[in-house]
Amino acid sequence: MTDAQRSWINECFAGSTVEAIQAALLEHSEAEARACAEEIGRISPTSLKLTFKAIREARESNNLAVALSREFRLAQACARGREMMEGIRAAVIEKDRNPKWSPARLKEVTAERIEARFNDPASETLELPQR
């Protein structure tokens with residue numbers, strides 16, 4: 001990665017929301033930034049917001065066991081969600097490369113929807129050995 005690439009990446013990805021990041025990428029003069037924004041536009045909006053929240057929360061934690069347990073629970077919640085099955089349908093089964101995300105746009109993914117995935121009561125807890 002060049003210093004120039006690092007510069008636009010750091011600038012654009014400093015946003016406090018996925019929407020802000022995508023907007024910064026779209027508005028940037030670098031073609032790579034705009035291509036990145038277009039790629040983000042193809043990904044499940046719910047998955048983007050879940051991942052964004054998970055990364056931000058992991059950055060705030062100093063406890064590996066807590067971070068791994070959170071990731072495990074989130075992976076289980078995602079596996080039960082519609083996004084994974086729709087992605088598999090579009091890429092592997094029908095191979096149309098045209099997933100029908102629900103909700104379809106970032107602005108339609110509510111904070112409540114994301115919190116529900118993070119607090120999914122059906123998810124198991126990852127038990128790690130204590131030292």
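Which residues line the second largest pocket? Before I answer, a word on the source: this is a predicted model, in which local features need pLDDT of at least 70 and side-chain atom pairs count only at pLDDT 80 or more, while totals for chains, interfaces and linings use all residues. Residues are numbered from 1 along each chain as its sequence is written, and side-chain values use heavy atoms, with hydrogens and water left out.

The lining of the second largest pocket consists of S16, T17, V18, E19, K49, F52, K53, V109, T110, A111, I114 and E115. By pocket I mean an open set of points on a 1 Å grid over the protein atoms alone, where a 1.4 Å probe fits, with protein on both sides within 12 Å along at least five of seven lines, and lining residues have an atom within 4 Å of a point. Its volume, the space filled by probe spheres set on the points, which are joined across faces, edges and corners, is about 170 Å³.

Turning to the largest pocket, we have about 270 Å³ of space, and the lining includes V18, I21, L48 and F52. Here α4 gives the most, with 6 residues; helices are DSSP runs of H or I, at least four residues, numbered from the N terminus.

V18, I21, L48 and F52 are also among the 11 residues of the largest nonpolar core, a core being a set of buried Ala, Val, Leu, Ile, Met, Phe, Trp, Tyr and Cys residues joined through side-chain atoms within 4.5 Å, where buried means under 20% relative accessible area with a 1.4 Å probe, protein chains only.

Finally, F52 touches G15, S16, T17, V18 and I21, leaving aside residues up to four places away in sequence, with contact meaning heavy atoms within 4.5 Å.

Key
Helix = DSSP H or I, 4+ residues; strand = E, 2+ residues; numbered from the N terminus. Buried < 20%, exposed > 50% of the residue type's maximum accessible area, 1.4 Å probe, protein only.
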